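Please look at the sequence and the 3D model shown here before reading on. The report that comes after them is written for a reader who is new to protein structures.

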Amino acid sequence: MPTVLDEIISGVREDLAARRAAVPLSDVQEMAAAAPTALDPLPGFRSAPGVAVIAEVKRRSPSKGALAEIPEAGRLAAAYAAGGASAVSVLTEQRRFGGSLADLDAVRAAVEIPVLRKDFIVDAYQVFEARAHGADLVLLMASALADDDLHELHGVATRLGMTPLVEVHDADELERALAVGPLLVGVNARNLKTLEVDRQVVAGLLPLLPPDVVAVAESGVSGPTDVADYVRMGARAVLVGEALVTGGAPSEAVAQFIAAAREAGVAPGAVAPRDVSHDKE
């Protein structure tokens, strides 16, 4: 029986085929080559006070449906940057998340901090496409890619000067991800095959990351306390969408997340002092 992830990727491939028919790969490669040099997010992630916030432009989700009206993606991104976000993530998947490459263009034009294209990347065309539209980072999900594909796409992104964010959800995916030599690894508390959230996944996997890899905690954040918990678990960055687009005060929320991480008062990697197994987001 197909999982939620299988169904999403099926739609992604259909939409990709339509874009490829309209714009050949050679044209996209030319646009990628002509784009301004990609920004390197890693120095900022490593030096961010408390935690680096990757703030997400997210209209919908498969688990919650419609989240927020976002008439101007660039304006929201600018608010994130004003609050201290280290990067902006832009969901470009259309069918389940309501995103688009137009959102990516708008965000790139609105902010000077690094921008992540967050999508279900299954083909090199999408990586060139991300660079052509100004993305500095691209999401690569171990759950959606075979080993050879993960290696290939990681290499394509790196050669384009981009930083791949390699996402994992369990120990097997983490082992596969580390085999490509990533500098940025995200541990997602949400299982995209079932949409269930378990923050203990983050607690269990973050300590297994090598010290030279920047650790990103994804999903399960509803407020500043959750961000502080993730920092205690070892996260150097957090990727947050729903809590920011539904809260009504994106700049203030980002600033509160950063402040909570600084006030946690423990070095990344320390054990959280309370139970964090409750599901969020």
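This is a predicted model: local features need pLDDT of at least 70, side-chain atom pairs count only at pLDDT 80 or more; totals for chains, interfaces and linings use all residues.

Residues are numbered from 1 along each chain as its sequence is written, and side-chain values use heavy atoms, with hydrogens and water left out.

**The cavity**

Rolling a probe the size of a water molecule over the atoms shows where empty space is left. A cavity is a set of points, on a 1 Å grid over the protein atoms alone, where a 1.4 Å probe fits but cannot get out, and its lining residues have an atom within 4 Å of a point. A volume is the space filled by probe spheres set on the points, which are joined across faces, edges and corners. The structure holds one cavity of 30 Å³ or more, and the volume of the largest cavity is about 240 Å³. Its lining is made of 25 residues, of which K58, F97, K118, L192 and S219 are the closest to the centre. Ten of the lining residues are nonpolar, five are polar and ten are charged, where Ala, Val, Leu, Ile, Met, Phe, Trp, Tyr, Cys and Pro count as nonpolar, Asp, Glu, Lys and Arg as charged, and the others, Gly among them, as polar.

**The salt bridges**

A salt bridge is a side-chain nitrogen of Lys or Arg within 4 Å of a carboxyl oxygen of Asp or Glu, and a search of the whole structure finds 16 of them.

| Pair | Closest N and O atoms |
|---|---|
| D123 and R20 | 3.0 Å |
| K118 and E56 | 3.2 Å |
| R199 and D226 | 3.8 Å |

Helices (H or I, at least four residues) and strands (E, at least two) are DSSP runs, numbered from the N terminus. D123 lies in the loop between β5 (115-118) and α6 (124-132) while R20 lies in helix α1 (residues 4-22), so this pair ties together parts that are 103 residues apart in sequence.

Burial is judged by relative accessible area, with buried meaning under 20%, exposed over 50%, and partly exposed in between (1.4 Å probe, protein chains only). D123, at 24%, is partly exposed, and R20, at 32%, is partly exposed. By contrast, K118 is buried at 14% and E56 is buried at 1%. R199, at 0%, is buried, and D226, at 2%, is buried.

Terms used. On a 1 Å grid over the protein atoms alone, a cavity is a set of points where a 1.4 Å probe fits but cannot get out, and a pocket is an open set with protein on both sides within 12 Å along at least five of seven lines; lining residues have an atom within 4 Å of a point.
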